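This report describes selected local features of a single structure.

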Amino acid sequence: MAAAVAAAPGALGSLHAGGARLVAACSAWLCPGLRLPGSLAGRRVGPAIWAQGWVPAAGGPAPKRGYSSEMKTEDELRVRHLEEENRGIVVLGINRAYGKNSLSKNLIKMLSKAVDALKSDKKVRTIIIRSEVPGIFCAANLPVPTIAAIDGLALGGGLELALACDIRVAASSAKMGLVETKLAIIPGGGGTQRLPRAIGMSLAKELIFSARVLDGQEAKAVGLISHVLEQNQEGDAAYRKALDLAREFLPQGPVAMRVAKLAINQGMEVDLVTGLAIEEACYAQTIPTKDRLEGLLAFKEKRPPRYKGE
């Protein structure tokens with residue numbers, strides 16, 4: 001869906017309105033509540049084309065330790081808010097086994113509902129997207145960091161949805177690729193746009209033209225994923241790594257995390273001069289926050305900061 005980015009005064013006064021096509025798993029604002037001065041409003045993302053799923057390696061469900069609340073929207077989507085030392089981490093578990101995690105209208109509706117709730121929740125710091133189906137995968141654009149944990153197959157739409165996440169981690173035994181050309185179609189869920197941005201145009205063309213499937217090691221070598229792990233007996237090595245990364249993000253200022261993501265995403269779509277203006281405008285958003293003052297005070301008092309996302 002095309003969305004215009006309005007010109008903003010001040011530091012963004014020279015930024016002309018432009019269009020962008022964003023495709024994701026469900027409709028959601030990219031960064032609600034965090035507007036650059038003047039405008040640069042959050043962009044709408046429309047529903048993705050039907051997606052094939054990924055399937056994690058066999059080995060049973062992940063340990064339940066640390067899980068407290070669960071929002072049950074039937075059983076196709078499980079939203080778990082982790083507790084204790086993992087408080088602030090939310091796990092979106094896709095559980096549509098009979099449809100191999102394909103994005104049915106009902107699942108998209110549930111994803112949209114979950115995203116609407118999460119994007120306005122200041123307590124949410126990082127979101128992990130994983131499958132709860134032994135042997136599949138899905139994702140959505142959100143204002144907080146998102147991590148795709150790929151423990152099995154991520155083919156076609158499954159990989160396109162993983163590409164919509166900020167960070168991707170995978171088991172070495174995972175298989176991933178954009179295989180749509182084998183079916184005489186193209187990757188129409190964002191693959192032709194996000195893959196070149198992730199690994200470069202020439203290599204992205206090679207992978208799409210050949211419909212080649214990569215394992216975890218190969219995907220890491222070309223920069224498609226950030227981390228590759230040997231699969232464990234439980235079949236959730238990628239998920240465990242994603243959880244470790246999410247824990248690293250927890251202590252940081254939540255407003256800063258959201259604004260940093262916005263600055264990176266917007267800046268990558270424009271020239272350097274405009275990108276620096278976007279960065280300046282985003283930086284200005286953090287100055288009047290209570291979190292910034294708390295960070296300075298905590299540094300002075302040599303203690304961990306107590307951020308509230310304000």
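## Hairpin and strand pairing

S7 and S8 form a hairpin in which 6 residues lie between the two strands, and Glu-84 in the turn has a positive phi of about 55 degrees. Helices (H or I, at least four residues) and strands (E, at least two) are DSSP runs, numbered from the N terminus. The model is predicted: local features need pLDDT of at least 70, side-chain atom pairs count only at pLDDT 80 or more, and totals for chains, interfaces and linings use all residues. Residues are numbered from 1 along each chain as its sequence is written, and side-chain values use heavy atoms, with hydrogens and water left out.

Strand S7 (residues 77-82) is joined to S8 by 5 bridges, and the two run antiparallel; two strands pair if DSSP finds at least two bridges between them. The bridge partner of His-81 is Val-90 in S8. S8 is also joined to strand S9 (residues 126-131), by 6 bridges, and these two run parallel. Here Leu-92 stands opposite Ile-129 in S9.

## Burial of S8

Strand S8 (residues 89-94) is mostly covered, with 6 of its 6 residues buried. Buried means under 20% relative accessible area, exposed over 50%, and partly exposed in between (1.4 Å probe, protein chains only). Ile-89, Val-91 and Gly-93 point one way from the strand, while Val-90, Leu-92 and Ile-94 point the other way, and all are buried.

## Helix H8

Helix H8 (residues 272-286) has 15 residues and, at 1.5 Å a residue, should span 21 Å; its end C-alpha atoms are 21 Å apart, which agrees. The expected span is 1.5 Å times one less than the number of residues. At the start of H8, a side-chain oxygen of Asp-271 reaches to within 3.1 Å of the backbone nitrogen of Val-273.

The buried residues of H8 include Thr-274, Ala-277, Ile-278 and Ala-281. Among the elements that cover the buried residues of H8 are helix H7 (254-267) and helix H9 (290-301).

## Surroundings of Arg-212

Arg-212 lies in the loop between helix H4 (201-210) and strand S14 (214-215). Because its relative accessibility is 36%, Arg-212 counts as partly exposed. Leaving aside neighbours within four places in sequence, Arg-212 is in contact (heavy atoms within 4.5 Å) with Met-176, Gly-177, Leu-178, Glu-206 and Leu-207. The C-alpha atoms of Arg-212 and Val-179 are separated by 6.7 Å, although these residues are 33 residues apart along the chain.

Conventions: Polar contact = N/O pair within 3.5 Å; in protein donor to acceptor, adjacent residues only side chain to side chain.
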